[in-house]
Every structure is written in C-alpha cells, then in structure tokens.
Amino acid sequence: MRLGTAIGRVTLSVRHPSYRGERLLLTLPWRRETLHGAKKFDPSIAVYDQLGAATGQTIVISEGREAACPFPAPTPVDAYCAALVDEIYIQPIP
C-alpha cells in the first residue's frame, strides 16, 4: 500500500459490468520525498474508488492482487482506493 493524491476522474465510454456505481480516479502515487514536502510523484494511475474520494484528497492505494481482494467475484482491478487520509503525522527519529 502507498499514498496518492486524487487529481481527477476517469470517464469511460464502454466499461466492464463489474464497475456498476463506482468510479475510477486519476491518481498521482507519492514517492518518499513527497512525505517531506517535495512535489515529486510517480506516473499517474487509474484507481478504482468506492469511497467517494474528492479531487485533491490524499488516499491509500492498494495495488496488484491485493487490490482485487475486496470483491466477492473476479473484478479487473489493478489499483484500489483502500482508505481516505485525513491527517498524516510523521514521528521524528531520535
């Protein structure tokens, strides 16, 4: 799992039937430097969202096989919005 910032929605003209009622978010996954204030991100990815993340919100991204685990039936998902982040606290190392 890693953090990312939702930057918009993905609009599909044709979609898989399992995407009923949910949406895809265009998301910028964070790098380690992003936690310390740098504006560095990995390339954008589409993330399956059931939680209703807003544009600009920080989310937790689950990827790969782990992303398909929340679904009872097989669903073609590579990245899943696992949580919405309200606050980040970084504890300094002594």
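Residues are classed as buried under 20% relative accessible area, as exposed over 50%, and as partly exposed in between (1.4 Å probe, protein chains only). The model is predicted, so that local features need pLDDT of at least 70 and side-chain atom pairs count only at pLDDT 80 or more, whereas totals for chains, interfaces and linings use all residues. Residues are numbered from 1 along each chain as its sequence is written, and side-chain values use heavy atoms, with hydrogens and water left out.

Strands (E, at least two residues) are DSSP runs numbered from the N terminus, and two strands pair if DSSP finds at least two bridges between them. Strand E1 (residues 2–10) pairs with strand E2 (residues 23–29) in the antiparallel sense over six bridges; Arg9 has Leu25 as its bridge partner in E2. An antiparallel pairing over four bridges also joins E1 to E4, where Ile59 is the bridge partner of Gly4.

Four salt bridges were found in a search of the whole structure, a salt bridge being a side-chain nitrogen of Lys or Arg within 4 Å of a carboxyl oxygen of Asp or Glu. Asp42 forms one with Arg2, with the closest N and O atoms 2.7 Å apart. This pair links distant parts of the chain, Asp42 being in the loop between E2 and E3 and Arg2 in strand E1, 40 residues apart. Asp42 is partly exposed at a relative accessible area of 22%, as is Arg2 at 27%. Arg2 also forms a salt bridge with Glu63, at 2.8 Å between the closest N and O atoms; here strand E1 is linked to strand E4 across 61 residues. Glu63 is partly exposed, with a relative accessible area of 33%. Arg2, Arg31, Asp42 and Glu63 are linked in a network of salt bridges.

A salt bridge also joins the side chains of Asp49 and Arg23 (3.1 Å, N to O). Asp49 lies in strand E3 and Arg23 in strand E2, so the pair ties together parts 26 residues apart in sequence. Asp49 counts as buried, at 2% relative accessibility.

Gln57 is placed in the loop between strand E3 (45–49) and strand E4 (58–63). Leaving aside neighbours within four places in sequence, Gln57 is in contact (heavy atoms within 4.5 Å) with Gly4, Thr5, Ala6, Leu84 and Val85.

Ile90 is found in the segment after strand E5 (79–84) and is partly exposed, with a relative accessible area of 43%.
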